[in-house]
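Biologist: Can you walk me through this one? I'd like to start with the charged pairs.

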Amino acid sequence: MRSGFYISEAVLSKPVEPRSYLSRLPAVEHIARHSLTFTHPVTFFVGENGTGKSTLLEAIAAAYGFNPEGGSKNFRFSTARTHSGLWEHLTLIKNRFPKDGFFLRAESFYNLATNIDELDQIPAFSGPIIAGYGGVSLHKQSHGESFLALLQNRFRGQGLYLLDEPEAALSPMRLLTLLAEFDRLVKQDSQLIVATHSPILMAFPGAQIYEFTPQGIAPASYRDTQHYQLTRRFLENPDKMLRALLEDGQAE
């Protein structure tokens with residue numbers, strides 16, 4: 001029986017330096033005032049670029065002990081130190097501890113796949129690492145296939161899974177497959193926190209949605225999100241929207 005989520009709250013326990021760009025992020029300002037609670041098995045961070053979704057997810061991952069470039073707690077590769085120091089100011093309230101966990105970053109997935117191949121060149125008593133990812137090098141599959149291979153083979157359940165823009169490599173059909181994987185993981189007592197731009201993903205039943213805006217972070221219903229509204233308007237009348245967009249561009 002579930003006795004609470006692995007992470008129930010993120011609190012800014014140490015002030016961010018006023019001179020830091022982090023202090024100007026609306027998301028950071030919001031957490032400094034209110035914290036952020038997690039009350040559902042699946043939570044989505046949605047909003048425009050630059051509002052702090054990925055920065056906050058990255059900080060949660062690093063504060064939990066995951067490698068900032070992606071992977072489990074056992075990965076320690078680093079190709080470029082681009083992650084922010086926000087994690088050092090963050091305290092995570094934990095109810096219990098997962099048996100599994102992973103931080104998936106679309107932008108550094110190539111580096112993760114490379115590190116797995118490199119580690120498998122080192123003799124190990126436990127066998128090749130790639131066996132836990134489907135047995136085929138992630139570099140020898142398409143981007144989308146390797147993403148799904150990771151989720152379907154490495155995400156074992158009873159875990160905490162943080163995903164940053166997992167839709168980046170997936171077709172609409174594969175996004176539906178990803179939703180099915182979310183459902184499998186939730187039924188296996190997992191918690192997922194996902195930063196996404198995909199209206200398909202954020203439709204997951206019963207998900208908690210936080211919308212990141214220039215004013216901060218606010219709970220949102222699926223159909224009230226800007227992503228859903230804009231996508232719906234476009235699909236209902238693409239000609240009208242394209243005409244307005246392109247004519248405005250030509251007028252300039």
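Predicted model: local features only at pLDDT ≥ 70, side-chain atom pairs only at ≥ 80, totals over all residues.

Biologist: OK, what does E58 pair with?

Modeller: E58 forms a salt bridge with R105, with 2.9 Å between the closest N and O atoms. E58 sits in helix α2 (residues 53-64) and R105 in strand β5 (residues 100-105), so the pair ties together parts 47 residues apart in sequence. Helices (H or I, at least four residues) and strands (E, at least two) are DSSP runs, numbered from the N terminus.

Biologist: Are E58 and R105 buried or exposed?

Modeller: Both E58 and R105 are buried. Buried means under 20% relative accessible area, exposed over 50%, partly exposed in between, with a 1.4 Å probe and protein chains only.

Biologist: And which residue does R154 meet?

Modeller: R154 meets D100 in a salt bridge, 2.7 Å from N to O. That one links distant parts of the chain, R154 in helix α4 and D100 in strand β5, 54 residues apart. R154 and D100 are both buried.

Biologist: What about D183 and K187?

Modeller: Their side chains form a salt bridge too, 2.9 Å from N to O. D183 and K187 both lie in helix α5 (residues 172-187), four residues apart, about one turn of the helix. D183 is partly exposed at 30% relative accessible area, and K187 is exposed at 66%.

Biologist: Switching topic: where is Q191, and what does its side chain reach?

Modeller: Q191 is in strand β7 (residues 191-195) and is buried, with a relative accessible area of 0%. Its side chain reaches the backbone nitrogen of Y6 at 3.0 Å, and a polar atom of that side chain lies 2.9 Å from the backbone nitrogen of I7.

Biologist: Last one, the whole protein: how many helices and strands?

Modeller: Seven helices and nine strands. Buried residues make up 48% of the 252 residues.

Notes
Residues numbered from 1 in each chain as written. Heavy atoms only, no water. Polar contact = N/O pair within 3.5 Å; in protein donor to acceptor, adjacent residues only side chain to side chain. Salt bridge = Lys/Arg side-chain N within 4 Å of Asp/Glu carboxyl O.
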